[in-house]
Amino acid sequence: MRSAVGKWLGRAVIAAIVVFLLAPTLVVVLFSFYPSAYLTFPPHGFTLKWYHQALVQNDLFLHPLATSAVLALTSAAIATVVGALAALGLVRAPLEHRALWQGLFLAPILMPTLIIGFGLMLLFLRIDTLGSWWGLVAGHVTIIVAYVTQSVIASLAGLDPALEEAAKTLGSSPRRAFFRVTLPQIAPGVVAGALFAFIMSFDELALTLLLATPDTTTLPVAIYSYVQFDSGPTVAAIATILLVLTLGLLLVLQRVGGLRRRAY
Amino acid sequence: MAGAQLRRSDAWLRAAMAPQVLLLVAFFVVPVVFIVQASLHDKTGALTAANYAAFLFDSYDRAVVGRTLGVALGTTLLALVLGYPLARAIARGSAFTRWFLSGAVFFPLLTSSVVRSFGWLVLLADSGLMNDVLSFFGLPHLRLVFTSLGVTIALAQVLLPFMVLSLANALANIDPAVEEAAATLGSSPLRRFMRVTLPMLAPGILAGSLLVFAIAISSFVTPALIGGPRAEVMATLIYTNATQLGNIGLASAASLILLVITVALVSLYYRIVLSTPTGGEPAR
């Protein structure tokens, strides 16, 4: 029924929107391999010198990269234990006001991290601990723990509690029943939640800007500060590295199967 | 015996929630209480409503509120216009189309916000790629960095998935046969869209718009890098006042205004999504 012209026009519109979605990221990757300090059109040439500059010549990004990795690992590890336990309690314990508890657990997802960071800044100012490492970890755990809770709630919801009961009836101790029957089944949910929490911590900027010191500068903060005065190809190289790291983790996450379940 | 064992495991399960409850009370609830308290005091510690009044009466702060709402509204409209053709292609396309377009839509959401904003800077800067391409074809320069329009464009890119998801869900629940029937009966494409598709799509449009608007008004990284001080919004005002200007009271009042708006919009969003069980099924 539709004319060929209309069909191709529709395709052109879709193609233009796809370019709009991908261009800002692809241009960073392109820029990082580009020989001159300005990205010009039409393009020419290829170099790796900006990677050399970003990683070897100056140490602007290496220390923040290490800080980010340690911070995200520490925060995600704590968030995984805390969040998985809470999800277990929320789904299995006989509770009054279950919706209220669930609301509290998931509320930080809905809040701008800038405001959580600002509130924490006020708290740490009051008790005179602003700029501490564990304060920064506490902030990161607070904003990522809900992702673990949510992921584990989802995997527990699809689980029959009768399985654990059956194990107990067959003579297994409650602890053994939990570790041998329930845990293996919710493990993908726990791993997916942990990876997602790690990525969210690794990528966090607003809260970190308010709570970090020059010693605890993370990679996003370092890039953010650097871009303020120089948006050259060195930062494109480090941004590309960050991009590859994040996308690599997301591929792992997709293999675990967490993303599909989270897609509402 | 079995009863006692059950009760013991119940107590254990309740205790399992304790760490997260304590964590959120200490690092989430208490900080919000501190923000409320700070918003109601001036620098000398006296009780005041001046921090809130500034957003009504101070011309600069009022302009920031206006710009924030304008950017969020513009982002929502742009996401709607760009999101509809994509959602349609995803809902009605082949398996490959669906796979490819979903990937393209979610890609920006999965890339770091700093990297994405930096990419927009490279594209939109006065000596950036877009202006290079424009002058290559003899077209005039466009000024988008440090403007609300630049922030709006960059925000629409990253918030598009939220809109597309809502619209695609709603579209999936519309039987294509209904639209075809209207076409067979002689209805024009525009009339068909206005009278048949749009009413059924309305809950999806509303849900997506609420979500995009709520995230847009509180976003920080994109306006900070692309808007800068010349296109200040609420989130960047909070940051500047909390750090460089040391006006904690004003930053607190701005935080609470944003918080209240966000919570109201998100609750409304959940009410719509939950009242339409399949995520945007048209109300009958």
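A helix, as the word is used here, is a DSSP run of H or I of at least four residues, and helices are numbered from the N terminus. The model on screen is predicted, with an ipTM of 0.85 and a pTM of 0.86.

**Stop 1: chain A as a whole**

Select chain A and colour it by secondary structure. From the N terminus on, its elements run α-α-α-α-α-α-α-α-α-α-α-α, that is, 12 helices and 0 strands. The radius of gyration of chain A is 23 Å, well over the 18 Å that the globule rule gives for 264 residues, so the chain is more spread out than a compact globule. Along the principal axes, the C-alpha atoms of chain A fill a box of roughly 70 × 70 × 30 Å. Of the 264 residues in chain A, 45% are buried. Take the contacts in chain A between residues at least 6 apart in sequence: 77% of them join residues at least 24 apart.

**Stop 2: where the chains meet**

Show both chains and select the residues at the boundary. On the chain A side there are 69 residues in contact with 63 residues of chain B. Which helix of chain A gives the most to this side? Helix α1, residues 4–32, does, with 13 residues. By residue class, the side of chain A that touches chain B holds 56 nonpolar, 10 polar and 3 charged residues.

**Stop 3: a loop in chain A**

Go to Asp128(A), in the loop between α5 (113–126) and α6 (133–157) of chain A. Most residues other than glycine have a negative phi. Asp128(A) has a positive phi of about 60°, although it is not a glycine.

**Stop 4: a loop in chain B**

Now select Phe146(B), in the loop between α6 (129–136) and α7 (148–172) of chain B. Its phi is positive too, near 65°, and Phe146(B) is a residue other than glycine. Phe146(B) has 16 other C-beta atoms within 10 Å, so it is partly exposed.

**Stop 5**

Val133(B) sits in helix α6 of chain B. With 14 C-beta neighbours inside 10 Å, Val133(B) is partly exposed. Draw a distance from Val133(B) to Leu13(B): the C-alpha atoms are 62 Å apart in space, and the two residues are 120 residues apart in sequence.

Move on to Leu155(B), in helix α7 of chain B. Leu155(B) is buried because 28 other C-beta atoms lie within 10 Å, where 20 or more are needed. Which residues does Leu155(B) contact, leaving aside neighbours within four places in sequence? They are Val71(B), Thr75(B), Ala216(B), Ser219(B) and Thr222(B). A distance drawn from Leu155(B) to Ala207(B), 52 residues apart along the chain, comes to 18 Å between C-alpha atoms.

**Stop 5: confidence in chain B**

Finish by colouring chain B by pLDDT. The mean for chain B is 86, and 94% of its residues reach 70 or more. In chain B, confidence is lowest in helix α8 (residues 176–184), at a mean of 79, and highest in helix α11 (residues 234–242), at 94. Then select residues 279–284 of chain B, where the pLDDT is below 50. Beyond near neighbours in sequence, this stretch has 17 contacts in the model. Where pLDDT is low, the predicted coordinates should not be read in detail.

Definitions and conventions: Residues are numbered from 1 along each chain as its sequence is written. Chains are lettered from A and ligands numbered from 1 in the order in which they are written. This is a predicted model: local features need pLDDT of at least 70, side-chain atom pairs count only at pLDDT 80 or more; totals for chains, interfaces and linings use all residues. Helices (H or I, at least four residues) and strands (E, at least two) are DSSP runs, numbered from the N terminus. A residue is buried if 20 or more other C-beta atoms lie within 10 Å of its own, exposed if 12 or fewer, and partly exposed in between; C-beta atoms are placed from the backbone. The radius of gyration is taken over C-alpha atoms; the globule rule is 2.2 Å times the number of residues to the power 0.38. Two residues are in contact if their C-beta atoms, placed from the backbone, lie within 7 Å. Ala, Val, Leu, Ile, Met, Phe, Trp, Tyr, Cys and Pro count as nonpolar, Asp, Glu, Lys and Arg as charged, and the others, Gly among them, as polar. pLDDT is the predictor's confidence in each residue, from 0 to 100.
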